Amino acid sequence: MIRLFVALRPPPPIRQSLLDIMEGVPAARWQDDDQLHITLRFIGAVERPVAEDIAVALSHVAAPAPVVSLAGVGRFEERGRTDTLWVGVTPHDALAALHRKVDQACVRAGLEPERRAYLPHLTVARLARSAGVGFTVDPWLAEHAGLASAPFPLPHLVLYQSHLGRDGATYEPVARWALDTPRGT
């Protein structure tokens with residue numbers, strides 16, 4: 001079985017700006033540069049023939065390269081406990097349209113349609129269940145609430161393989177396709 005997802009990779013200066021804010025939360029397992037991406041579609045574990053069908057279907061996705069900006073920070077919670085810190089991106093429309101095209105390609109390859117609401121973001125940290133009661137990320141969220149960047153293009157659609165390990169996941173690009181880049185970027 002191969003564990004896959006489809007994402008967009010921000011340019012190096014944007015990734016560096018994210019790496020620069022990854023501190024100040026002792027219980028956080030901060031992402032490294034290779035892990036920074038905007039997920040368009042989590043696929044999960046599939047057999048190799050299905051993975052090949054997905055790659056073929058994704059190779060036919062035609063879309064403009066989204067141009068986005070970093071926009072604030074947030075958290076995901078599970079059972080009332082923060083488990084993820086993220087950085088937002090805006091505008092959502094171009095990313096949501098590309099998400100729908102990627103999802104349609106995955107459905108053509110035999111997958112079920114995505115049922116979860118799509119919220120474009122970059123995960124910057126995961127927090128262990130052992131972080132403990134009373135632990136708060138509020139100071140980090142307050143400090144970085146105004147995070148913003150100049151607009152930047154996301155010119156490639158990337159199919160990643162995710163390898164789960166004891167220290168978290170590592171991501172390996174499997175295939176990459178150019179999106180139509182707007183003039184002047």
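This briefing describes helix 3, its surroundings and several individual residues in the structure above. The model is predicted. Helix 3 covers residues 92–108, and its axis comes within 8 Å of the axis of helix 2, residues 48–59.

**Helix 3 and helix 2**

- The axes of helix 2 and helix 3 cross at roughly 140 degrees.
- Angles over 145 degrees would count as roughly antiparallel, and helix 2 and helix 3 are therefore described as oblique to each other.
- The crossing of these two helices is right-handed.
- On the side of helix 2, the contact is made by Ile54, Ala57 and Leu58, while helix 3 contributes Val102, Ala105, Cys106 and Arg108.
- Sorted by class, this contact contains 6 nonpolar residues, 1 charged residue and no polar residues.

- Helix 3 has 17 residues, which at 1.5 Å a residue should span 24 Å.
- The C-alpha atoms at the ends of helix 3 are 24 Å apart, in agreement with that expectation.
- The buried residues of helix 3 are Leu95, Ala96, Leu98, His99, Val102, Asp103, Ala105 and Cys106.
- Among these buried residues, Val102, Ala105 and Cys106 also take part in the contact with helix 2.
- The cover over the buried residues of helix 3 includes helix 2 and several strands, namely strand 1 (2–8), strand 3 (38–46), strand 4 (67–78), strand 5 (81–90) and strand 8 (156–165).

**Before and after helix 3**

- Pro91 is located in the loop between strand 5 and helix 3.
- The peptide bond that leads from Thr90 to Pro91 is cis, and its omega is near 0 degrees.
- Helix 3 is followed by Gly110, which has a positive phi, near 110 degrees.

**Residues in strands 3 and 8**

- Phe42 belongs to strand 3, one of the elements that cover the buried residues of helix 3.
- With a relative accessible area of 33%, Phe42 is partly exposed.
- Apart from neighbours within four places in sequence, Phe42 is in contact with Arg3, Leu4, Phe5, Glu114 and Arg116.
- Phe42 and Asp167 are 125 residues apart along the chain, and their C-alpha atoms are separated by 20 Å.
- Ser162 belongs to strand 8, which is also part of the cover over helix 3.
- Ser162 has a relative accessible area of 6% and is therefore buried, since the cut-off for burial is under 20%.
- Not counting residues up to four places away in sequence, Ser162 touches Arg3, Phe5, Ala169, Thr170 and Tyr171.
- Between the C-alpha atoms of Ser162 and Glu172 the distance is 6.4 Å, and the two residues are 10 apart in sequence.

- Ala142 is a residue of helix 4, which covers residues 138–143.
- Ala142 has a relative accessible area of 58% and is therefore exposed, because the cut-off for exposure is over 50%.
- Ala142 and Gly74 are 68 residues apart in sequence, and their C-alpha atoms are 9.6 Å apart in space.
- His144 lies in the loop between helix 4 and strand 7 (152–153).
- His144 is buried, with a relative accessible area of 10%.
- Leaving aside neighbours within four places in sequence, His144 makes contact with Ile21, Gly72 and Val73.

Conventions. Residues are numbered from 1 along each chain as its sequence is written. This is a predicted model: local features need pLDDT of at least 70, side-chain atom pairs count only at pLDDT 80 or more; totals for chains, interfaces and linings use all residues. Side-chain values use heavy atoms; hydrogens and water are left out. Axes are lines fitted to C-alpha atoms, for helices over the stretch in contact, and angles run from 0 to 180 degrees between N-to-C directions. Helices (H or I, at least four residues) and strands (E, at least two) are DSSP runs, numbered from the N terminus. Angles under 35 degrees count as roughly parallel, over 145 as roughly antiparallel, 65 to 115 as roughly perpendicular and the rest as oblique. A crossing is left-handed if the near helix is turned anticlockwise from the far one by less than a right angle, and right-handed if clockwise. Contact means heavy atoms within 4.5 Å. Ala, Val, Leu, Ile, Met, Phe, Trp, Tyr, Cys and Pro count as nonpolar, Asp, Glu, Lys and Arg as charged, and the others, Gly among them, as polar. The expected span of a helix is 1.5 Å times one less than its number of residues. Buried means under 20% relative accessible area, exposed over 50%, partly exposed in between (1.4 Å probe, protein chains only).
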